Amino acid sequence: MDRFFNKEMVVFIATISAIMAFGMMIQSNYFATKLDLANLKLEMAEMHVKLKEYSDNQDKTILQNLDNKYNLILKEIRSR
C-alpha cells in the first residue's frame, strides 16, 4: 500500500482529478449554452406565431373596413 501512495502517484491522481473536474465544467457550460440556445429558438418561434396571428387579424380588420367603405360607395352610387 505504501508503494501505491508515493509522491508521484499522489501528484498523478491530483492532476487527473483536476483535469476531469475542468472537463466536467466545460461540458456543463457547453450543454447549458445549448439549452439556452434551444430556449431562445423556442421563444423566437412563439413570437413569430404570435406576430403572424396579429398580422392576420389586422389584415382581416383592414379588409373588412375596405369592404364596408366599398359597400357604402356602392350604395351612394346606386342611390343617385
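**Figure 1. The chain comes to 1 helix and 0 strands.** Helices (H or I, at least four residues) and strands (E, at least two) are DSSP runs, numbered from the N terminus. The radius of gyration, taken over C-alpha atoms, is 34 Å, well over the 12 Å that the globule rule gives for 80 residues, so the chain is more spread out than a compact globule. That rule is 2.2 Å times the number of residues to the power 0.38. Along the principal axes, the C-alpha atoms fill a box of roughly 115 × 15 × 5 Å. Please keep in mind that this is a predicted model, where local features need pLDDT of at least 70, side-chain atom pairs count only at pLDDT 80 or more, and totals for chains, interfaces and linings use all residues. Residues are numbered from 1 along each chain as its sequence is written, and side-chain values use heavy atoms, with hydrogens and water left out.

Figure 2. Buried means under 20% relative accessible area, exposed over 50%, and partly exposed in between (1.4 Å probe, protein chains only). The chain exposes about 8,000 Å², and carbon and sulfur atoms supply 65% of this area. Accessible areas come from the Shrake-Rupley method with a 1.4 Å probe; for residues, only the protein chains shown count as cover.

**Figure 3. Here Asp56 and Lys52 meet in a salt bridge.** The N to O distance between their side chains is 3.8 Å; a salt bridge is a side-chain nitrogen of Lys or Arg within 4 Å of a carboxyl oxygen of Asp or Glu. A search of the whole structure finds 1 such bridge. Asp56 and Lys52 are 4 residues apart in helix 1 (residues 7–79), so about one helical turn separates them. Asp56 is partly exposed at 33% relative accessibility, and Lys52 is partly exposed at 48%.

**Figure 4. Phe5, Val10, Phe12, Ile13, Ile16, Ile19 and Met20 make a nonpolar surface patch of about 680 Å².** Patches are made of residues with over 30% relative accessible area and no salt bridge: like charges are joined within 9 Å, nonpolar side chains (Val, Leu, Ile, Met, Phe, Trp, Tyr) within 5 Å. Met20 has its place in helix 1 and is exposed, with a relative accessible area of 53%.

**Figure 5. Ser55 lies in helix 1.** Ser55 is partly exposed, with a relative accessible area of 33%. From Ser55 to Thr15 there are 40 residues in sequence and 59 Å in space, C-alpha to C-alpha.
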